[in-house]
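Okay, everyone, thanks for coming. Let me put the structure up, and then I'll walk you through a few pieces of it.

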Amino acid sequence: MTNYAYTEEFYQHADELIDAGKVIDSKGWVPATSGNFSARLSNGTIAMTVSGKHKGRLQRSDIMLTDAQGNPLDGKVPSAESLLHIQLYQRFLDIQYVLHPHSLNSTIISLKNKKKVLLKNYELLKAFSGITTHESSIIVPIFPNNQNMSQLADEVEVYMNTHDDIYAYLIAGHGLYTWGASMTESLSYLEALDFLFACELHA
């Protein structure tokens with residue numbers, strides 16, 4: 001349908017995604033038209049960036065609405081990676097936002113490591129929900145880049161079925177996915193991960 005009546009809640013989430021895009025772009029994490037962001041509405045529909053737009057210059061018209069399975073409700077074209085957002089929303093019922101930038105540090109570290117990045121004994125690990133001491137560790141898995149998004153989403157799901165406490169994952173030579181219950185939390189995870197990746201690359 002092309003004349004979908006957007007709700008006030010949709011516009012609130014759209015504005016959040018627009019503002020997040022400006023913050024993330026200011027850090028150089030979404031060059032060209034890379035990256036994609038989304039937010040889940042209270043009725044289960046999803047506000048998502050459309051395909052091919054610069055994330056630092058988003059307008060409300062660059063945010064579309066899909067159903068819970070990622071099917072467009074307003075005739076716009078979502079990112080090719082929308083299925084990766086859908087997999088996360090279906091798995092984690094408490095998350096409201098998914099952010100996917102293409103930062104330099106995440107891209108390089110995804111190529112320097114084969115299957116995972118281990119982040120251990122950093123004070124900044126306390127930025128992640130549930131972690132209260134630097135004497136902790138998290139694993140950020142790395143998945144091979146794949147243009148078949150359905151297959152990639154299945155690979156992520158299989159991994160998550162056997163691993164707990166996952167805050168993010170990398171796609172080799174591509175970028176980072178992270179998520180959270182609020183935009184503040186999601187952006188905090190992005191910032192913490194980029195710093196920790198930089199630490200690992202300089203170590």
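This is a predicted model: local features need pLDDT of at least 70, side-chain atom pairs count only at pLDDT 80 or more; totals for chains, interfaces and linings use all residues.

Residues are numbered from 1 along each chain as its sequence is written, and side-chain values use heavy atoms, leaving out hydrogens and water.

So, the hairpin. β7 and β8 have three residues between them, and G173 takes a positive phi near 70 degrees there. Strand β7, residues 168-171, runs antiparallel to β8 and is joined to β8 by four bridges. I171 stands opposite G175 of β8.

β8, residues 175-180, also has strand β4, residues 97-100, as an antiparallel partner, with three bridges between them. There, V98 is bridged to W179. Is β8 buried or exposed? Mostly covered: six of its six residues are buried, meaning under 20% relative accessible area, with over 50% being exposed and partly exposed in between (1.4 Å probe, protein chains only).

Now the helices. Two packed helices are described by the angle between their axes and the distance between the axes. Axes here are lines fitted to C-alpha atoms, for helices over the stretch in contact, and angles run from 0 to 180 degrees between N-to-C directions.

Take α2, residues 82-91, and α4, residues 149-161: their axes come within 9 Å and cross at roughly 30 degrees. That's why α2 and α4 are roughly parallel; the label covers angles under 35 degrees, while over 145 is roughly antiparallel, 65 to 115 roughly perpendicular, and the rest oblique. The contact (heavy atoms within 4.5 Å) includes L83, L84 and L88 of α2 and L152, A153 and V156 of α4.

Then there's α3, residues 104-112, with α5, residues 183-202. Their axes also come within 9 Å, crossing at roughly 50 degrees, so this pair is oblique. On the α3 side we have N105, S106, I108, I109 and K112, meeting D194, F197, A198, E200 and L201 of α5.

How values were computed
Helices (H or I, at least four residues) and strands (E, at least two) are DSSP runs, numbered from the N terminus. Two strands pair if DSSP finds at least two bridges between them.
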